[in-house]
Amino acid sequence: MAEKLLEIKNLKKYYGKGDSQVKALDDISFDVFKGEMLVLLGNSGCGKSTLLNIIGGMDSPTEGKVLLNGVDITSFKDKELTKYRKEKIGFIFQFYNLLPDLTALENVKMSLNKKDEEHLSEKTLELVGLGDNKMKQYPSQMSGGEQQRVSIARALVKGASIILCDEPTGALDDKTGRKILELLQDIVRKEGQTMIIVTHTKEIASMADRIITLRNGKIEKQEINEHPLDAKDINW
Ligand code: ADP
Ligand code: MG
């Protein structure tokens, strides 16, 4: 039996009031299991980023709970929430969100409490395919795919419980995007990481262990993918 890592319970996020109210999330419940790759699929505006941001402790719901190992993170005060974000969550964004004035290595080290853990940061950069010559470069000197690899290393290095990816290939060309998906899948398969990938690209869902489709803030369907494709074989 797969171990439950995360429980999302009756999550609601409403913006505004009255006629102009937007129900970005309208009573969403699901579980996330340890070591799975879950894809949240849906058109633009269906609530994917809102959901991911709440799970990541970057936004708070109007109602509902998010339990990580049974602990409700929506009840956390600022200090606990900061610790949660720093220690438990690895976030990968569409536009990488690297600090421009820091090298690749420094960007990765930033996410560790002990900044002197140079060796671990180097090893993690190697794991994502960036060698010695890249580590000392600044984001502006790197391609989009390389920058995304740095951001993946930054998420991985701290040993986060869960990695959240919001349209991780959205800014990349198809070939580079596929390489990034291969890397993400490798990390789930070889490192046993738990990962949620948010995307509006249907084809990406074929590599997931499970797919939850959202529509207008609600879950439209949940599917188990008995035979997830290798990222290199997805038809995209
Ligand atoms: P997705 O990531 O699936 O494209 P979002 O989660 O960004 O969707 O947005 C869901 C809905 O909530 C959209 O209708 C969006 O316009 C609305 N929304 C998101 N953030 C805000 C905000 N800060 N204020 C008002 N409406 C918002
Ligand atoms: Mg979004």
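By class, the shell around ligand 1 is made of four nonpolar, six polar and one charged residues. Keep in mind as you read that this is a predicted model.

**Around the ligand**

Who are these neighbours? The residues around ligand 1 are Tyr-15, Val-22, Ala-24, Asn-43, Ser-44, Gly-45, Cys-46, Gly-47, Lys-48, Ser-49 and Thr-50. Two elements, strand E2 (22-33) and helix H1 (48-55), each supply at least two residues of this shell. Helix H1 gives the most, with three residues.

| Residue | Polar atom in the residue | Distance to an oxygen atom of ligand 1 |
|---|---|---|
| Gly-45 | backbone | 2.7 Å |
| Cys-46 | backbone | 3.2 Å |
| Ser-49 | side chain | 2.9 Å |

Taken alone, ligand 1 exposes 560 Å², and the protein buries 57% of that.

**The nonpolar cores**

Now let us turn to the inside of the protein. In soluble globular proteins, nonpolar side chains tend to be buried together. Here, the largest nonpolar core has 39 residues. Leu-125, Val-150, Ile-152, Leu-184 and Met-195 are the ones with the most contacts inside this core. Several elements give two or more residues to the core: strands E3 (37-41), E7 (162-166) and E8 (194-199), together with helices H3 (104-109), H6 (144-157) and H7 (174-191). Apart from this core lies another, of 28 residues, and among them are Leu-5, Val-66, Phe-91 and Leu-214.

Which residues does Ile-152 touch, leaving out those up to four places away in sequence? The list is Ile-92, Val-128, Ile-180, Leu-183, Leu-184 and Ile-187.

Lys-12 lies in strand E1 (residues 4-15). Is Lys-12 buried or exposed? With a relative accessible area of 18%, Lys-12 counts as buried, because the cut-off for buried is under 20%. Its contacts, not counting residues up to four places away in sequence, are Leu-25, Asp-26, Asp-27, Pro-61, Thr-62 and Glu-63.

Glu-106 sits in helix H3. This residue is partly exposed, because its relative accessible area of 33% falls between the cut-offs of 20% and 50%. The side chain of Glu-106 reaches the backbone nitrogen of Thr-103 at 2.9 Å. Where Met-135 is concerned, 29 residues separate it from Glu-106 along the chain, while the C-alpha atoms of the two are 8.4 Å apart.

Technical notes. Residues are numbered from 1 along each chain as its sequence is written. Chains are lettered from A and ligands numbered from 1 in the order in which they are written. This is a predicted model: local features need pLDDT of at least 70, side-chain atom pairs count only at pLDDT 80 or more; totals for chains, interfaces and linings use all residues. Side-chain values use heavy atoms; hydrogens and water are left out. A nonpolar core is a set of buried Ala, Val, Leu, Ile, Met, Phe, Trp, Tyr and Cys residues joined through side-chain atoms within 4.5 Å. Buried means under 20% relative accessible area, exposed over 50%, partly exposed in between (1.4 Å probe, protein chains only). Helices (H or I, at least four residues) and strands (E, at least two) are DSSP runs, numbered from the N terminus. Contact means heavy atoms within 4.5 Å. A residue is near a molecule or strand if one of its heavy atoms lies within 4 Å of it. A polar contact is a pair of N or O atoms within 3.5 Å; within protein, one must be able to donate a hydrogen and the other to accept it, and residues adjacent in sequence count only if both atoms are side-chain atoms. Accessible areas come from the Shrake-Rupley method with a 1.4 Å probe; for residues, only the protein chains shown count as cover. Ala, Val, Leu, Ile, Met, Phe, Trp, Tyr, Cys and Pro count as nonpolar, Asp, Glu, Lys and Arg as charged, and the others, Gly among them, as polar.
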